[in-house]
Amino acid sequence: MKLKVKLTEEQKESIKVLKERWDHVSEPHLLPCDDAVLVEVKSDETGVGMVIGIEADGHRHSWGRCQKKEVLK
């Protein structure tokens, strides 16, 4: 069963910005920290990809940072 992810307006705007910068942006997935979501982005030109966490306020950062934040709580 696939869960429907409810995004804040700020998260929607943040994903829109990512879609302007990257060739591929995955559907958002829930994260175990706060109200954040996770997306994977990738460039066709370079083949580079990364995983990005997006907080409820739209702030973006690497998954590693979100993971650390959860561990430190």
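Mentor: Let us begin with a term that we shall need: helices and strands are DSSP runs, numbered from the N terminus, and a helix has at least four residues. Please keep in mind that this is a predicted model.

Trainee: How many helices and strands does the protein have, and in what order do the elements run?

Mentor: There are two helices and five strands. Read from the N terminus, their order is α-β-β-β-β-β-α.

Trainee: Which residues form the salt bridge that a search of the whole structure finds?

Mentor: A salt bridge pairs a side-chain nitrogen of Lys or Arg with a carboxyl oxygen of Asp or Glu, within 4 Å. The search of the whole structure finds one. Here Lys12 is joined to Glu9, and their closest N and O atoms are 3.3 Å apart.

Trainee: How are Lys12 and Glu9 placed in helix α1?

Mentor: The two residues are three apart in helix α1, which means that about one helical turn separates Lys12 and Glu9.

Trainee: Is Glu9 buried or exposed, and what is the relative accessible area of Lys12?

Mentor: The cut-offs matter here: buried means under 20% relative accessible area, and exposed means over 50%. Glu9 has 56% relative accessibility, so Glu9 counts as exposed. Lys12, with 42%, is partly exposed.

Trainee: What share of the residues counts as buried, and which residues make up the largest nonpolar core?

Mentor: Of the 73 residues of the protein, 32% count as buried. The largest nonpolar core has nine residues: Val5, Ile15, Leu18, Val25, Val37, Val39, Val41, Ile52 and Ile54. Two or more of them come from each of α1 (9-21), β3 (37-42) and β4 (49-54). Strand β3 gives the largest share, three residues.

Trainee: With which residues is Val39 in contact, leaving aside its neighbours within four places in sequence?

Mentor: Contact is a matter of heavy atoms within 4.5 Å. With those neighbours set aside, Val39 is in contact with Ile15, Leu18, Val25, Ser26, Glu27, Pro28, Met50, Val51, Ile52 and Ile54.

Trainee: Where is Glu55 found, and is this residue buried or exposed?

Mentor: Glu55 is found in the loop between β4 and β5 (60-62). Its relative accessible area is 10%, so Glu55 is buried.

Trainee: With which side chain does the side chain of Glu55 make a polar contact?

Mentor: The partner is the side chain of His61, at 2.8 Å.

How values were computed
Residues are numbered from 1 along each chain as its sequence is written. This is a predicted model: local features need pLDDT of at least 70, side-chain atom pairs count only at pLDDT 80 or more; totals for chains, interfaces and linings use all residues. Side-chain values use heavy atoms; hydrogens and water are left out. Buried means under 20% relative accessible area, exposed over 50%, partly exposed in between (1.4 Å probe, protein chains only). A nonpolar core is a set of buried Ala, Val, Leu, Ile, Met, Phe, Trp, Tyr and Cys residues joined through side-chain atoms within 4.5 Å. A polar contact is a pair of N or O atoms within 3.5 Å; within protein, one must be able to donate a hydrogen and the other to accept it, and residues adjacent in sequence count only if both atoms are side-chain atoms.
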